[in-house]
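Subject: Structure handover and notes

Dear colleague,

Here is the structure you were expecting. My notes on what was found in it follow below.

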Amino acid sequence: MSSARFWLASLAITAILLVLTRWQIENGYFYFAAYVVLQSVVLATAWNILGGYTGYINFGVGAFFAFGAYSSVVLHKLTTVPLPVMIAAGGLVSGLLGFLMGCLTLRLKGVFFAIATLALAIVAQTLIVNWAFVGGSRGIYIIRPQHAPLAGGYVQYLYSLMLVLSWLSIAIARTIERSHLGLGLAAIRDDEQAAEASGVPTLRLRLLATTLSGALMGMAGAPFPYYVTYLDPTSSFSLAYAVNAVAMPLIGGMTSWIGPVIGALLLGTVQQVATVTISSALNLLIVGLLLIAFVIIAPNGIVGLFARRRVRRR
Amino acid sequence: MIAAAAAPLLAVTGLGKQFGGFVALDGIDLEIAEGERLGLIGPNGSGKSTLVNCLCGTLRHDRGEIRFAGRRLDGVPAHQRTRRGLARSFQLPRPFGTMSLVDNLRIPLLYAANARPGMHLGDAAIEQHCLALLGAVGLADRARRRPRELTQVEMRKLELARAVASGPRLLFADEAMAGLSTAEVEEILAVLLRLNESGITIVLIEHIMRAVMSFSTRLVVLVAGRKIADGMPQEVMRNPEVERAYLGE
């Protein structure tokens, strides 16, 4: 399917899903939980552009997510712009952070790059902790608007926005994967020196990947203050975002756009069910156990498992 | 009237490279003419691969000047040098492991050959060109396979085909025959000769002297980062300094 057709078809599916859920489901908790699962889809898809396609492991997911969230806080305090504008601004701010991270880590590879991204998250958190305008270490309360722009409550509105963001991130990821850019990123992942010797402008493509990946993570974080209504650095910069964003593509499969989506839907849903039925403290344990299981059973994720079976049948 | 000599394709002047206190290249001067078949030999650690890495942009040289087709290459990144027509194959094959053989060749076609002014191959033309290149090295029937399914000699051929896909004027074949059997060495030699006949200047860096002597029209010898001989292969091999370097005092 061509990229243009995929954009249209996936947009149609998103619209149908949106109408069906908003029309059929009245249970408020569904939207509350679905928002988190969809947020995972965006984060995992965004992470996979740099981690899966390009082979650069980013543990600084929390920083990009939080910068998106705090850019909304700033806009909330200074302006009355609608949430979609805040999402765009969050994408811009975190995209810029991604670009800066790319520039600072141009010569780093493998584990050194991963550690640098972790360090970046700590530096970014320290900045926010010491910035009183956005609440500093105490955090800040955000009062949602009384009326949502669409019919229904504000959480339903947030769910709708996150569904659209999921569509956007998936469509972007698939377009990259099937494009010349995707081929260049895959070459970097397979062998950066050979890629450079084949004419691939590796530094430029890496910068593009860090910027795009960061921007999408920031967009996922932008509505977060309105979802939680209280934002503090500890929760917004949580390492759990990075753990989930890494685990989901690993479980689903990292070389294809569908892998992170499957991983996020599977892991996100299991976590939500576990939160309600057992305990929210079990979330990371579930992630850990599933990761161990998949590393043993399907090191290339669910997508890799199916691809291997298809090859065997041939 | 005497005709002016054609400008060299590659001109290296006083090239130097150090790793800490170790001098890897010590004032190398080298000129390579268009269409030449140059053999570059020397004992292990003599600086052959360092020279190739400096010329291709993988390493930054400390001193000297490199000119390719009349233009300076100093400070030009590796991918830009490939686009200008300098290609290399690696000592140890470095294929793009998750891609098919066709996609391995698609990368240099898209990013090097197609990036040149006036070159705008469409997807279908690129696919055809990939298949033709794979056919030229005898890998057409493996086009949709992954590199891990190839034998050692096929891997070397893929490495050469990928370098050629970038549309080079000068190709460095860095130990393209290492570890191959006699028959396989002949196969690679035949591929290199065909590439040279098609107009590509080739620098063969090799330890297999039989292959070097049958392929090269000129021989350059490096020892401890210095060029100790440069000339016709038979003459160079009779050079006492070269004999000493290879056979000892």
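A term first: a crossing of two helices is left-handed if the near helix is turned anticlockwise from the far one by less than a right angle, and right-handed if clockwise. Helices (H or I, at least four residues) and strands (E, at least two) are DSSP runs, numbered from the N terminus.

This is a predicted model, in which local features need pLDDT of at least 70 and side-chain atom pairs count only at pLDDT 80 or more, while totals for chains, interfaces and linings use all residues. Residues are numbered from 1 along each chain as its sequence is written, and chains are lettered from A and ligands numbered from 1 in the order in which they are written. The model scores ipTM 0.91 and pTM 0.90.

Helix pair in chain A

By the definition above, α2(A) passes α13(A) in a right-handed crossing. These are residues 28-51 and 258-277 of chain A, packed at an angle of about 145° with their axes 8 Å apart. Axes are lines fitted to C-alpha atoms, for helices over the stretch in contact, and angles run from 0 to 180 degrees between N-to-C directions. Two residues are in contact if their C-beta atoms, placed from the backbone, lie within 7 Å. The residues that α2(A) brings to α13(A) include Ala33(A), Val37(A), Val41(A) and Asn48(A), and among those they meet in α13(A) are Gly259(A), Gly263(A), Gly268(A) and Gln272(A). By class, this contact has nine nonpolar, eight polar and no charged residues. Here Ala, Val, Leu, Ile, Met, Phe, Trp, Tyr, Cys and Pro count as nonpolar, Asp, Glu, Lys and Arg as charged, and the others, Gly among them, as polar.

Interface

Between the chains, 18 residues of chain A are in contact with 23 residues of chain B. On the chain A side, α7 (180-190) and α8 (192-197) each supply at least two residues, and α7(A) gives the most, with six. That side of chain A has eight nonpolar, seven polar and three charged residues.

Sheets in chain B

Strands of a sheet pair through backbone hydrogen bonds, either parallel or antiparallel. Two strands are taken as paired if DSSP finds at least two bridges between them.

One open sheet has six strands in the order β6-β7-β8-β3-β9-β10 (chain B), with mixed pairing. Its edge strands, β6 (86-89) and β10 (226-231) of chain B, each pair on one side only. Neighbouring strands of this sheet are turned by 20° against each other on average, direction ignored. Within it, β7(B) (170-174) and β8(B) (201-205) are parallel and share five bridges; Phe172(B) has Val203(B) as its bridge partner. Two helices pack on this sheet. Helix α5(B) (152-165) touches β6 and β7 of chain B, at about 170° to β6(B). Helix α6(B) (182-197) touches β3 (37-41), β7 and β8 of chain B, at about 150° to β8(B).

A second open sheet has four strands in the order β2-β1-β4-β5 (chain B), with antiparallel pairing. At its edges are β2 and β5 (71-72) of chain B. Seven bridges join β1(B) (10-19) to β2(B) (22-32), with Phe22(B) as the partner of Phe19(B). These two strands form a hairpin with two residues between them, and Gly20(B) in the turn has a positive phi of about 65°. β4(B) (63-68) is joined to β5(B) by two bridges, and Arg67(B) stands opposite Arg72(B). Helix α1(B) (48-56) lies across β1, β2 and β4 of chain B, at about 65° to β2(B).

Single residues

A residue is buried if 20 or more other C-beta atoms lie within 10 Å of its own, exposed if 12 or fewer, and partly exposed in between; C-beta atoms are placed from the backbone.

- Gly225(B) is in the loop between β9 (218-223) and β10 of chain B. Gly225(B) counts as buried because 23 other C-beta atoms lie within 10 Å. Its contacts beyond four places in sequence are Val23(B), Ala24(B), Leu25(B), Asp26(B) and Gly47(B).
- Thr229(A), in the loop between α10 (224-228) and β2 (230-231) of chain A, has a positive phi near 65° without being a glycine. With 12 other C-beta atoms within 10 Å, Thr229(A) is exposed.
- Glu175(B), in the loop between β7 and α6 of chain B, is not a glycine either and has a positive phi of about 50°. Glu175(B) is partly exposed, with 19 other C-beta atoms within 10 Å.

Regards
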